[in-house]
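Have a look at the model below before reading on. The notes after it go region by region, starting with where to be careful.

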Amino acid sequence: MKIVALLLLFSVSACEDNFDPPSLLARSRILGLAFSVEGDPDRTDPLRGETVDLRVLWAFPNEPLPLSFQGIACVALQTGFGVPTCDPDFGVIAELEANAPAGDMPVLTLRVPDDFPEGRELLLFGGTCAGGPVDTLLLPADGSFDTSALDVCERPEDTGELLQTTLPIPIDIADANRSPSLLVDMTLAGQPLATGNLQTGDACSERKDLPLLRVGGPRVALVVSASPESLEPLTPEGDVNPENEVLQVGLMITSGEANANFLLIEADDLIEDTTIRPAREAERSPGSDGSIERIILSVRDGRGGLVVQDVAYCLLEAEP
Amino acid sequence: MNSKAHVMSSMTLRRDAPSGGTQASRRLSHHGVTMVCWIALGPLTFWTIAAGSSASAQYPAPVDTADLVPPSVLSIAEAPFPEDVAAVDGPVTVLLSIVVANDGTVRDPEVLGGPEAFRAGAVEAIQASRFEPASLNGEPVEVRIRFQYVFQPPAPLQEARVDGRLEGLVTDVDGSPIPGARIQLRSSVQTGEGEAQFVGDDGRFVFDALPSGDYRVSIAAADYVAQEQLESVTIGEVTEVCYRLDAADLGASEGDETIFTAVGVIDAPPREVTRRTIRREELTQIPGTRGDALRAIEVLPGVGRPPFGGGEIIIRGSAPTDSEIFLEGIPLPLLYHFGGLTSVYNSRLLEQIEFIPGNFSARYGRRIGGIVEVEPRDPRSDGLHGVIEFSLIDASVLAEFPIGENASLALGFRRSFIDLIFENFLPDDIGVTQAPVYYDWQSILSYRPTSRDRLRFQLYGASDAFALFFDDADTSDPASSGDLGLSTRFTTLQASWNRQIDEDAELDVEAAFGPQTVDFGFGSDQNFDLLVNQFYLRTELRDRLSPRYQLTYGVDLSLAPFRINFEGPPLQQTEGAGQLAPVASADIVSTEFSAVATRPGLYIENEIRPTADLQLIAGLRFDYDDRTGDYAIDPRLVANWQATDIVRIKSGLGLFSQPPEFAESAPDVGNPNLDMIHSVHASLGVGLRLTEQLELTVDGFYKYLWDRVVSTEQGIEPFFINDGVGRIYGAEISGQLHASPELPLFAYVSYTISRSERRDRNQDAFRLFDFDQTHILALSGVYELPRDWSVGLTMRFVSGNPTTPVVGGIFDAQNNVYTPVNGRVNSVRSQNFHRLDLRVEKKWRIRNGQMALFVDVQNVYNRMNEEGLAFNFDYSQSQTLAGLPVIPSLGIRGEI
């Protein structure tokens, strides 16, 4: 315990790292898996016998790329830590594979068996590639994964990710989770952020609907807020007092740096903010017409619900 | 018969009444020879020197002639016991009249009486003896005195060899000997005035043929400040001491008490194969420790180095939790503030530190690693003394003074200054709720109600606390935001009673009670609160039933009502775990429970000396842990053989057991059905005392551990099991050079080569221990320069710690974090560590005290040592974490 604290002290006081900021969207990055129960699209938790659609979400700094996914679904072994593992007593429930052209996302369809064991979770484990297919050797045949084989993609030039998630299979639909609502308000430097199909790098100096930031400019506040309805009540196991779920907002930006990579919107605090530092001169040269820069927000409820918001602002040249 | 001038003596001044002059008598004892001298000074006032005085006694001025100083003995030559005398019933006296010349030589001896067979030897011996000449008005004068030379019948050789010896050196602060200094020795069971002698020209003295026990030693010399020390002597052992006296303040009025900084040095009787006794006055000068004697443990052989110098004690490849620090027989809850910054106990209140890296006595239980025994000293009883010290890190104050005739009290307090500067080093997004601050305090009351009893009461404690607020989440873990706080506190009331029952039996009773708390919290998901009201009792009786056999037996009881409140990711074994997953990816577990941990222990030790040179110690220890319902019976054997005057061979073999940590056996998050952890220690060593100043030791060791507590695979229930084993082997070489008048340099050199491995599950292969450090080299030395300057250097070279490579990360889609995929555990090493520390100190003598200014520079050449690896958010990149840069610490100390 003492060491943890000491290391923490050193880490915050003297050991700044030289990594790219985690918020920087410099390459294609996985955002997550979005679940949607067939026939009840807002619900993320399927009951036994129901079918659920899984969409593999990525973020791209520029043009979208074709995507692929290969994985398996199984009953998760109840572990405390370490790489998730299938429970060998139940075997693999389904092998999953999907591909999508650029601009689309792979969609997987999974039917939860009627005899799925009560009180257990579904484990989904697989690999996904941006730009090309997943290496077929990655797909495990028996539910065990060779985690040393981390070359996910067939082609080394593609970007691959291993991913896993667990999903509760409730008995009662009242216990099921619903996807969080979209954030209701987003402002940057006090101006609303634009949504829509905006392309990074496009000229923007003439657009009056975008917040304007300048290269090398000061940090500005990014404020996001959620509606009270976004936070579902839940009753923690072993507790009789209901709580509201917490929304985790993850941030990726195509230039500059977000002061925090995660914002946590709690039940009694429906607004969170952080600061965005515009790109420095050495990092970005938007030209005289300015360039569109995007902020991708992933909103999670921590129980399988995920929505993504893609917003933009306009980055102008540094002040003369 | 030993021809060396190992003189045991006792003396005092007392008014006597032989008319016609001043007469002094002195009793000096050699091996088998006792000399008593009356010093007659003509028509002057009579004085007799006959028996021991109190520690601070000064020679009173003669009644009639204040400027007359009688001659004093510097060295008495030893006369051989006549070979043609078969046996005598008792001492044989030869009465002599001699002239002590003004250069201290003896001439014109006349025999006034005594058996014929002894006269020639007495005359020859007295002519070879040397005196400090008598002086009148400050000028040496020649005097005739009567001298009684007494021959003691020689003791049987075997009996003599089983006695103990106290020998040493008296010097000034520059290390120059103080000839004529008076050493008085009084046994703790002795009701008389003890025995005394004067040191020779080389500053050395020897008390030989001493019975085992504690002795109170008084040291006095003209123009120097007297002092008193408590030393222990064991049969068959040599207790070596060095007393360094401060010059008296000549400007002070007569009778003023002045300060001194002398300390005693003692090589304690070994009950272990390897026991390294740390000399406090040396180790408080070790560079890089800021004068902290307990930090200096790090330079000893077999002691590993934790990352960032984090204060964990890694002894011979054992986990830090496997070793224990004892303060006068009672476990010390915490050794260092903030994980290694400075120790929680004022070094100036320590008598000695004993470091036992393995094969420790049956006196110590519930640990399978090593032991550090810290012995506080009695507060000074010769007047008010105080020390104030300021450095850039902290400030401390210490006061000690007598209370009445037989008691003395010391009070100490320290507070850190880190909170004053801490905020300046933090990024903007971290708020400070409470800047880091630590305190510690000590009070010692020592009371000697009788000459056989010593009572000591201590109240000490420490407090460390800080609280920060992280505005933004850590780059890779959304759970790492919000309040971060850590506070540790303990207060201990400790009482000890030592009774010398008789010449052969001694009783120790020690009891301690006090609360210990640890409060840690980070964000909303991680909390750990621990409250322990620790009660500890130890009773030990040592009884020397014959000159060749001592029986020691005792009981220690740890009774600890405790309460744990835990919330966080599932507990897991951290050693050998590699990179841990972010908290956000874990299912949070919690538990809250209270219990009483009752851990009684019984032990017995038989010390047998089949010959004068061979010591065998057979011990047996029984421990019970009611938390697990498990018990252990651990036999231990140690053998020491003094092969020659120079060479000592030592070996040990024994079993050691340790209960699991509280959390590991806690319900809900641990396994209450765990068993004790066990290990076997085997060691073999050679100690070489090459000269009075130079010692070398070589030790080899092997340890095997079984029933280690390890996590179950992936943390499935029951979370922890006793499936781990370990093996540790290596060798240590160390050399110590003690300061001498000719070479005022003390130096330590130690080198350890070792390998420490663990296996967590039966099907696994052995892997390296987290702190396996193949090579550990430490060099440390301090040179005393003229004009009260001293300069010291410490250099350490240590193999890099093993680390577990992270081969990638898996995206946790539910929590938006990456979990690391660890490669083979501890399969790569960090870079080697090396660092140079420097300490320079200058003292000034001022009226009634002294001041010192010191600078202690850690990492002089600013080596960026690799202490670990940091990873980016998805574990695709890594970079080394550098250790602390060059850190100068300037301090000032004042003593009265």
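## Where to be careful

This is a predicted model, and one stretch to treat with care is residues 249-269 of chain B, where pLDDT stays under 50. Even so, the model has 56 contacts beyond four places in sequence for that stretch. Residues 157-162 of chain B also stay under 50 in pLDDT, and for them the model has 10 contacts beyond four places in sequence.

Chain B as a whole has a mean pLDDT of 81, with 83% of its residues at 70 or more. As for the complex, the predictor gives an ipTM of 0.93 and a pTM of 0.76.

## The two chains in outline

Chain A is built with one helix and 20 strands. Of its 320 residues, 44% count as buried. If you take the contacts in chain A with a separation of 6 or more, 71% are between residues 24 or more positions apart.

Chain B has four helices and 56 strands. It runs to 896 residues, and buried ones make up 49% of them. Among its contacts between residues at least 6 apart in sequence, 65% join residues at least 24 apart.

## A five-strand sheet in chain A

Chain A has an open sheet of five strands, in the order β9-β8-β12-β18-β16, with antiparallel pairing. Strands β9 (191-192) and β16 (257-258) of chain A stand at the edges with a single partner strand each, so one side of each has no neighbour in the sheet.

Inside that sheet, strand β8 (residues 185-188) of chain A pairs with strand β12 (residues 220-225) of chain A over four bridges, in the antiparallel sense.

## Nonpolar cores

The largest nonpolar core has 91 residues, and those with the most contacts inside it are W58(A), L122(A), L123(A), V249(A) and L297(A). Strand β20 (residues 306-316) of chain A gives this core its largest share, seven residues.

Take L297(A) as a way in. Beyond its neighbours within four places in sequence, L297(A) touches L183(A), V224(A), V249(A), G250(A), L251(A), Q309(A) and V311(A). There is also a second, separate core of 57 residues, which includes I315(B), Y345(B), L349(B) and V437(B).

## Helix α1 of chain B

Helix α1 (residues 116-127) of chain B has 12 residues, so at 1.5 Å a residue it should span 16 Å; its end C-alpha atoms are 18 Å apart, which agrees. Its buried residues are F118(B), A122(B), A125(B) and I126(B). Looking down the axis of α1(B), you'd see these buried residues within an arc of 90°, so they line one face of the helix.

What do the buried residues of α1(B) pack against? They sit against β8 (92-100), β9 (106-113) and β13 (143-151) of chain B.

## A buried glutamate

E605(B) is in strand β37 (residues 589-611) of chain B. Is E605(B) buried or exposed? It has 22 C-beta neighbours inside 10 Å, and the cut-off is 20 or more, so E605(B) counts as buried. I617(B) is 12 residues away along the chain, yet the C-alpha atoms of E605(B) and I617(B) are separated by 6.5 Å.

Definitions and conventions:
Residues numbered from 1 in each chain as written. Chains lettered and ligands numbered in written order. Predicted model: local features only at pLDDT ≥ 70, side-chain atom pairs only at ≥ 80, totals over all residues. pLDDT = per-residue confidence, 0-100. Contact = placed C-beta atoms within 7 Å. Pairing = 2+ DSSP bridges. Helix = DSSP H or I, 4+ residues; strand = E, 2+ residues; numbered from the N terminus. Expected span 1.5 Å × (residues − 1). Buried ≥ 20, exposed ≤ 12 C-beta atoms within 10 Å, placed from the backbone. Arc of directions from axis to C-beta. Core = buried A, V, L, I, M, F, W, Y, C linked by C-beta atoms within 7 Å.
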